Amino acid sequence: MIIVVIAILAILVSILLPALTSARQKANDISCASNLKTLGTFMQFYISDNNDYTPKDKKNTSDNAKWLDTLVAYADPRKKIHDGSYNQSGEWPTYKPYKVFCCPAEPQSFNVINEFWHYGGNYTWRPGQIPFLSSEEYEKVKITFIKRPTERSGMFDLNRYNPGTYPYPAAAGSSEMIRGAENRGRPPYRHGGNTGVNIWYADGHVGFRKASAIPLNCTSANDGYFWSHAK
């Protein structure tokens, strides 16, 4: 009798486990999209408070504050903006991002020396050669320069590991969004059943996009307005 009960339970588990896993992944997908929507709202606040200018990839303060750091004050006014202020816990160099800066499908801490596992910005979000999230010091861009904002990516899931190279929380192409993930035994994409990423666009909407539908980079012929190739 006990053996029969165990067998039945095993069958039930085998049936329910995939459904529970799928439900958990779907919940993470929705929660991540909500995070990006919130970060997008913070970005719009920042732009409004800074004469329509966007933050830079880094060097927004004297201590190298990244674009995520510039949004922290909108999440918690008590937080002071500085390099790494968007992280909530950990010890150098391993940290876990603060609240909405942390993707729910990627709850782990990461090494800030060579990894970014949560959210990144479009390094080449620009019309022509005008940078959006530029790593060059003092460069700023007005959001009004962005053409067809419904098609221009702004923030998205990032899964980067660059051994020996300081990886900015940004990407300029589909390969950079997942650079080095396979070398760390990690699935490159964490949403839509590990098939793609959530993206916040310049007009404020958030959507899921399969990896196969993301243009290679800003110079590829099929880029359209996703990165920056189109004028």
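Trainee: Which residues does Asn198 touch, not counting residues up to four places away in sequence?

Mentor: This is a predicted model, so read each contact as part of a prediction. Contact here means heavy atoms within 4.5 Å. Asn198 touches Asp29, Cys32, Ala33, Leu36, Met155, Phe156, Asp157, His191, Gly207 and Phe208.

Trainee: Where does Asn198 lie, and is Asn198 buried or exposed?

Mentor: Asn198 lies in strand β9, residues 196-201. Its relative accessible area is 4%. Buried means under 20%, so Asn198 counts as buried.

Trainee: What does the side chain of Asn198 reach at 3.3 Å?

Mentor: Look for the backbone oxygen of Asp29. The side chain of Asn198 reaches that atom at 3.3 Å. Asp29 is also among the residues that Asn198 touches.

Trainee: Leu36 was in that contact list too. Where is the place of Leu36, and is Leu36 buried or exposed?

Mentor: Leu36 sits in helix α1. Its relative accessible area is 0%, so Leu36 is buried. Leaving out residues up to four places away in sequence, Leu36 touches Tyr119, Met155, Phe156, Asn198, Ile199, Trp200 and Val206.

Trainee: How many residues apart along the chain are Leu36 and Val206?

Mentor: They are 170 residues apart along the chain. Now check the space between them. Their C-alpha atoms are separated by 7.0 Å.

Trainee: Now strands. How do strands of a sheet pair?

Mentor: Strands of a sheet pair through backbone hydrogen bonds, and the pairing is either parallel or antiparallel. Take strand β6, residues 153-157. β6 pairs with strand β5 (residues 119-122) in the antiparallel sense, over 3 bridges. β6 also pairs with β9 in the antiparallel sense, over 3 bridges.

Trainee: Which residues stand opposite Met155?

Mentor: Gly121 stands opposite Met155 in β6. On the β9 pairing, Trp200 stands opposite Met155. Met155 is also one of the residues that Asn198 touches, and Leu36 touches Met155 as well.

Trainee: How many residues of β6 are buried?

Mentor: The strand is mostly covered: 5 of its 5 residues are buried.

Trainee: What is the strand order in the open sheet of 3 strands?

Mentor: The order is β1-β2-β3, with antiparallel pairing. The edge strands are β1 (87-91) and β3 (110-111), and each pairs on one side only. β1 pairs with β2 (residues 94-97) over 4 bridges. Within that pairing, Asn87 stands opposite Pro97 in β2.

Trainee: What is the phi of Asp52, and where is Asp52 found?

Mentor: Asp52 is not a glycine, yet has a positive phi of about 70°. Asp52 is found in the loop between α1 (2-49) and α2 (72-75). Its relative accessibility is 31%, so Asp52 counts as partly exposed.

Trainee: What is the phi of Asn194, and where is the place of Asn194?

Mentor: Phi of Asn194 is near 65°, a positive value in a residue other than glycine. Asn194 is in the loop between α3 (174-177) and β9. With a relative accessible area of 37%, Asn194 is partly exposed.

Terms used
Residues numbered from 1 in each chain as written. Predicted model: local features only at pLDDT ≥ 70, side-chain atom pairs only at ≥ 80, totals over all residues. Heavy atoms only, no water. Pairing = 2+ DSSP bridges. Helix = DSSP H or I, 4+ residues; strand = E, 2+ residues; numbered from the N terminus. Buried < 20%, exposed > 50% of the residue type's maximum accessible area, 1.4 Å probe, protein only. Polar contact = N/O pair within 3.5 Å; in protein donor to acceptor, adjacent residues only side chain to side chain.
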